[in-house]
Amino acid sequence: MTSKPIPVPQIRGHYTGGHEWIPAGESNLEVYSPLDGTRLGGVPIAIPSTIDEVVKNANTAFKTWSTTPLKDRVQVLFRFKTLLEKHHAELADLIQVENGKTWTEAKAEIDKGIEVLEFACSLPQIWDQGLLEVSTGVSCQYERYPLGVVLSIVPFNFPAMVPMWTIPIAIGCGNTFILKPSELVPLTAVRLAELFNEAGLPPGVFNVVHGTRETTEYLIDHPGITALSFVGSTKVARMVYQRAANLGKRALTLGGAKNHLVVVPDADPEITAKNVVASAMGCAGQRCMAASVLILVGDTGTILDQIVEEAKKIKVGEDLGAVISAAAKERIEGYINRAEGAGYTILLDGRGASVKGKEAGTYVGPTLIEGVLPGDECACDEIFGPVLSIIHTQTLDEAIAIENSNPYGNAASIYTSSGAVARYFSERANAGMVGINIGVPVPREPFSFGGWNDSKFGHGDITGMDGVRFWTKLKKITTKWTASASQNWMS
Ligand code: NAD
């Protein structure tokens, strides 16, 4: 963890390109660092007239940007990538200070964002417009077109990576883009906007509107916005999807998760223990891909003891960051209190954690709850903290049944040294992303990111070729090249 003061950009308002910031004349929310409670500044809440102005600018920019050749559009993305690499450490500082995760985790999320950016830089190489002669002298062809002004609403837990799932692909495809960051972590978005400007992105192509629920609802309903993506909790993802769909807008909304890791007796004890703990405790458990339930099948020997030992090694405030807020800490500790009250064994207790010199920080230590029953709240709810609930079963089928009965469907993993067992599990797991001896099975690009069930509403994944499909629409063109050609059935 860093101890030097980190320069924090002040939010001058809402961003609409160039050196333009629409002044933050509206009400402000205060932003505090989860690391030590330091006040970081105020985030303005956009009012309708501000949003109207941003949408108007984005709409004006769309006319030029959408007709700029793809090869030229991606040149800006190449320059943006160079700038992200140049400012890598500074961005990691910023993410750490506003989100509370460790510096290493902050750096890794930028790397993951850059991976999607690299995919978008390759759009000219993978652009899939097709043409086929369908009858003598007649061809059918399809072309991809951008959708217009599009919106992306993002959560607090990945201030750079989650926005980067959508920005480069949507912009690369020729859309103009409005980002609505989480009001808890608004600063990284400001820096991304500044870097886009430095990369030469024309004004109005990338915009940032700050705000909360009302801001988001006004944006979703805005007639000037054609499509949107959302990443956040399932409750809101479902509402946003329904709201957009009612308006006939294209929407892809990603929700929460409750990811299960299954360990069978032939798993490698050391590798499994390290990996399970890293999955559950990394980013203080505030990942939609974090392990939340561990299912030990049959006699797994010393693996649970080794997991406890691994988790005990974690130093809060050094290799485990803060949770986002005091409210989050209280909510997470509430789950541990109730699990204790229900008679479960708390093998490792993270309640009351604090870091010397950062007493106003919001920390929860690694927590392991043993012998949980499948229907209990800590086995079912998304706790979103460094808490792992441990269930025992006699058979792999029982474990799979428990995993499959949870309403979410982001990730499911198995630890085994048997290929046949791994295949048996991966074919049956009811999740969009499956791990074999991997606790955070986020696919590397171009393999796309996306869960199933209540972890996602809408069709397709958010990255990879599905991202291209989501942010574009197809036009089909049928041509009779020789008007007199008679040997075909086309009228
Ligand atoms: P959240 O749902 O509270 O907020 C997400 C965004 O929606 C924020 O920008 C917020 O301002 C806005 N918002 C909040 N309430 C709203 C409402 N009623 N109407 C419209 N907009 C609203 O989520 P969060 O707490 O910021 O993030 C944590 C959640 O995100 C977890 O559930 C986590 O699993 C999920 N998440 C999912 C993925 C995924 O890929 N499936 C990735 C990251 C995070």
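At what angle do helix H14 (residues 396–405) and helix H15 (residues 419–428) pack? The angle is about 25 degrees, and the axes lie 10 Å apart. This is a predicted model, in which local features need pLDDT of at least 70, side-chain atom pairs count only at pLDDT 80 or more, and totals for chains, interfaces and linings use all residues. Residues are numbered from 1 along each chain as its sequence is written, and side-chain values use heavy atoms, with hydrogens and water left out.

**Helix pairs**

Some terms come up in each pair.

- Helices (H or I, at least four residues) and strands (E, at least two) are DSSP runs, numbered from the N terminus.
- Axes are lines fitted to C-alpha atoms, for helices over the stretch in contact, and angles run from 0 to 180 degrees between N-to-C directions.
- Angles under 35 degrees count as roughly parallel, over 145 as roughly antiparallel, 65 to 115 as roughly perpendicular and the rest as oblique.
- A crossing is left-handed if the near helix is turned anticlockwise from the far one by less than a right angle, and right-handed if clockwise.
- Contact means heavy atoms within 4.5 Å.
- Ala, Val, Leu, Ile, Met, Phe, Trp, Tyr, Cys and Pro count as nonpolar, Asp, Glu, Lys and Arg as charged, and the others, Gly among them, as polar.

*H14 and H15*

- H14 and H15 are therefore roughly parallel.
- Their crossing is right-handed.
- Leu396, Asp397, Ile400 and Asn404 in H14 touch Val421, Tyr424, Phe425 and Arg428 in H15.
- This contact has five nonpolar residues, one polar and two charged.

*H2 and H4*

- Helix H2 (residues 70–86) and helix H4 (residues 103–121) have axes that come within 9 Å and cross at roughly 155 degrees.
- H2 and H4 are therefore roughly antiparallel.
- Their crossing is left-handed.
- From H2, the contact takes in Val74, Leu77, Phe78, Phe80, Lys81, Leu84 and Glu85; from H4, Ile114, Leu117, Glu118, Ala120 and Cys121.
- The contact of H2 with H4 counts nine nonpolar residues, no polar ones and three charged.

*H10 and H11*

- The axes of helix H10 (residues 269–281) and helix H11 (residues 303–312) are 8 Å apart, at an angle of about 45 degrees.
- H10 and H11 are therefore oblique to each other.
- H10 passes H11 in a right-handed crossing.
- Pro269, Glu270, Thr272, Ala273, Lys274, Val276 and Val277 of H10 meet Ile303, Gln306, Ile307, Glu310 and Ala311 of H11.
- Seven nonpolar, two polar and three charged residues make up the contact of H10 with H11.

**Pocket and cavities**

- On a 1 Å grid over the protein atoms alone, a cavity is a set of points where a 1.4 Å probe fits but cannot get out, and a pocket is an open set with protein on both sides within 12 Å along at least five of seven lines; lining residues have an atom within 4 Å of a point.
- Grid points are joined across faces, edges and corners, and a volume is the space filled by probe spheres set on the points.
- The largest pocket holds about 1,100 Å³.
- It has 39 lining residues, and Phe156, Phe230, Gly232, Ser233 and Val236 are the closest to its centre.
- Helix H9 (234–246) is among the elements that each supply at least two lining residues, and H9 gives the most, with six.
- The pocket lining has 21 nonpolar, 10 polar and eight charged residues.
- There are six cavities of 30 Å³ or more.
- The largest cavity has a volume of about 100 Å³.
- Its lining has 13 residues, with Gly285, Arg287, Ala290, Ser292 and Phe384 nearest the centre.
- By class, six of these lining residues are nonpolar, four polar and three charged.

**Backbone exceptions**

- Most residues other than glycine have a negative phi, and most peptide bonds are trans.
- Cysteine 283 is not a glycine, yet has a positive phi of about 55 degrees.
- Cysteine 283 sits in the loop between H10 and strand E13 (291–297).
- Glutamate 445 and proline 446 are joined by a cis peptide bond, with omega about 15 degrees.
- Proline 446 is in the loop between strand E18 (433–436) and strand E19 (456–457).
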